[in-house]
Amino acid sequence: MKQTQWYKDGVFYQIWPRSFKDGNSDGMGDLWGVIDKLDYIQSLNVDGIWFSPLYCSPGADCGYDISDYMKIAPEFGGMEAFRRLLTEAHKRGLKIIMDLVVNHTSDEHEWFQKSRQRIDPYTDYYIWRPKKPNGKLPNNWASMFEGDSAWQWDEVRKEYYLHLFAIKQPDLNMDNPLVREEVKKILKFWLDFGVDGFREDVITFISKEEGLPNDIPIPGFSGILKYNHGPHIHEYLQEFRQDVLQHYDCMTLAEAPLVTPKRAMTYISELDPKHHDIDMMIQFQCMCADCLFSDYIPMKFSLRRLKRAFRRWQVKLHGKAWNMLYLENHDHPRVISRYGSEKFRTASGKALAVSYLFQQGTPFIYQGQEIGMTNWWPKSIDMYEDVQTLNQHLKDPEEKRLKLYHRASRDSARTPMQWTGGDHAGFSEHEPWLYVNENYREINVEQEENDPDSLLNFYRKAVALRKSLKVVRDGKYREYGIFSNKIYVYERVLDGETDAAAPPREEREETPSESASEEPKAMSAQPKRILVICSFSEKPMRFLMRRGISLANADLILGSYPVKETSKVKTDGSTILRPYEARVYSIPG
Ligand code: NOJ
C-alpha cells in the first residue's frame, strides 16, 4: 500500500487516559470522557490523538505494563467504547495512534505466567538467567525504576528475569522469533481494527547485546549502552515494517532515549528504504535543557541548550528525515514550570508554543499544555503514584525528596486535566485517582475559553496558522543569535528563496517606551519566508535584526500580546519585546 505520509501535515494531541476526563464518575479518566471531549480536541485544530496505553493492565506503571494487548481495559470502556471513539474521531478527521509497548509486558500477562512455569511455547518469551555459581547476579544492569538491579529472582522458575523498568515489567526476549510473531499479530490486529499508527515505547531497547555483558557502571542506567540500539534492532524493525506496517497507510513514532540525529538517520532516513524502519523518533535532547539526561538530575534552565537541541534536529534532518516536535508528555514535568515562568504563565506558555510549533516536523501537544498547566506541590510523599518516583532517593529526608519530586516526578504532568473551577476541576464527580493541582480555580479550560487572549485560544490560532503555511511544512531552518540565552530567533525559508548570511542581532534590556499598534496582517499570499522571535526574558528586551532582514517592512502574522499593546517596529527595524513575547513575521522575499 502507498504510504502517503499524511502525518507531515498534521498536529497531534496526546491523551494520558487516566487523567483526561472521567465519563463514568469513578475518579479515573476513560474513553467515554474522551468521546465527550472530541469536539474540544477538534477545536484545537489538531489532526490526531496519541493515546498512552489503553489496554488491560494491573497498572503498576499506569498502563505501560500490559496484561492483554488485544483488549481495551474495562475501566477505560472496553472494546465497545474504543470502537465508538474510533468512529467518532474518524468522523471528525482525527487519526488515532496507539501506544505499542513491547519491550516488556506485565508480569501478570499470560505469557509470563506460563514462561515462569516453563510451559511451551512461552518458556523463552522472556530473558531468564540462572544464578551464577559465585552467587552473583547475571550482570550489572540497573532497573530504571527500582534504582537497583534489573534482575529479579523468580521463586517459581528458580531463575532471574530481566526487567529494565519495574519488577512487574519483565522484558520480552525479542530474539525469539515467536515473540516477534506476537508483535506482528498485535500490530495487525489494531491496524485492522482501524487505528492509524503506533507510538512505540522504548523500542530502541528491544535487542539486547548477545551474552548480556556487563556495562560501565552508570547509577540507574548501567546496561543502557548494551541494550539501546542493540545488534538486531534494525532487522527486527524492518521485519515489523515489511511483514505488517508497509501494508497499511499508517504512521510509526519511536521513543528513543539517547538518540542523536546521526543515529536517528539509521532509523528514519527518507533517502534509503533500508534505513527507514520507522517514520519519526521521539528524541530526548529537547527535554534536557534543565537537567542532565534525567529529570532527577536537575540543572539551571539554559535557553542556549534548548536552542542547540532544536537546531541540531532541524538542520540535520532537513530534506532527509522527518522530525517529531514536542515540549511535554506524560514522562516529563510541565514545561512552563521548567523552561518558562509560572509568574509569566500565559506569556511564557505562548513563547514556548511558538518556539516549537513553527519548526519542521509533526508537533505533539500534551493534554493540559494548551491551558498552561503547571507542576503540582504535594504535601507528602504518600500523594505520589508514580512507581519511578516512589522508588527514588528513599534514604533522603522527605522535605528534600518533595522538593526534587515537584521538579522531577512524572506525576507533576499527570494530575487530572483542569476543565473547570468546580469540584475536582470538572474532571470527575468522584474523588480523582490522583490529586488535582490546587491551582485549578485559576487555570482551567472554562476560564480560558472565555478569554480571547488565553493560552488556549493562542494555541488554536498558532496551530491553525502553522498548518496554513507551506513554508512551515517545507522550509529550511536557520537560526540567529545562537549564543543568546534570552531570545530565540529562527526563520523558515522555502528553497530557492533568499539565503543571505545570518546577520548579527543586538539585544539588551530596556524599559519600553509608549507603544504604537501593529496589527497582525491577514496574509495575502503564502509567505516564502517567516521569522519567529521568542523572548525568554522576564524583562523587556530591545531587539534588532541589524542586516539582511528588516522588521520595518515585515508583516506580523502572529503575536502573543494583545495587539493594542504591541510595540511598534521603529524605522531602524528595532522593537521592544515584552516579557516572554513571541512574534511571527512574514518577511518579503
Ligand atoms: C516510556 C514510557 O513513556 C513511560 O511512561 C514508561 O514508564 C516506560 N517507557 C516503560 O514502559
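Glutamine 283 is placed in the loop between β11 (280-282) and β12 (291-292), where helices (H or I, at least four residues) and strands (E, at least two) are DSSP runs numbered from the N terminus. The structure is a predicted model, in which local features need pLDDT of at least 70 and side-chain atom pairs count only at pLDDT 80 or more, while totals for chains, interfaces and linings use all residues. Residues are numbered from 1 along each chain as its sequence is written, and side-chain values use heavy atoms, with hydrogens and water left out.

With a relative accessible area of 5%, glutamine 283 is buried; the term buried means under 20% relative accessible area, exposed means over 50%, and partly exposed lies in between (1.4 Å probe, protein chains only). A polar atom of the side chain of glutamine 283 lies 2.7 Å from the backbone nitrogen of glutamine 285, and a polar atom of that side chain lies 3.2 Å from the backbone nitrogen of cysteine 286. A polar contact is a pair of N or O atoms within 3.5 Å; within protein, one must be able to donate a hydrogen and the other to accept it, and residues adjacent in sequence count only if both atoms are side-chain atoms.

Serine 348, which belongs to helix α11 (residues 345-357), is also described by its side chain. A polar atom of the side chain of serine 348 lies 3.4 Å from the backbone oxygen of arginine 345, and serine 348 counts as buried at 0% relative accessibility. Glutamine 14, in strand β1, is buried with a relative accessible area of 1%. The C-alpha atoms of glutamine 14 and glutamate 110 are separated by 29 Å, the two residues being 96 residues apart along the chain.

In the loop between β1 (12-15) and α1 (31-36) is found serine 25, whose phi is near 55°, a positive value in a residue other than glycine; serine 25 is partly exposed, with a relative accessible area of 31%. Leucine 212, found in the loop between β9 (197-200) and α6 (224-227), has a phi near 45°, again a positive value in a residue other than glycine, and leucine 212 counts as buried at 8% relative accessibility. Proline 121 lies in the loop between α4 (110-115) and β6 (128-129) and is joined to aspartate 120 by a cis peptide bond with omega of about 5°.

The ligand is surrounded by 13 residues, of which the closest are Asp61, His104, Asp201, His330 and Asp331; a residue is near a molecule if one of its heavy atoms lies within 4 Å of it. By class, this shell holds four nonpolar, two polar and seven charged residues, where Ala, Val, Leu, Ile, Met, Phe, Trp, Tyr, Cys and Pro count as nonpolar, Asp, Glu, Lys and Arg as charged, and the others, Gly among them, as polar. A polar side-chain atom of aspartate 61 lies 2.4 Å from an oxygen atom of the ligand, and for histidine 104 the distance from a polar side-chain atom to a ligand oxygen atom is 2.9 Å. An N or O atom in the side chain of aspartate 201 is 2.7 Å from an oxygen atom of the ligand. Taken alone, the ligand exposes 290 Å², and the protein buries 98% of that, with accessible areas coming from the Shrake-Rupley method with a 1.4 Å probe and, for residues, only the protein chains shown counting as cover.
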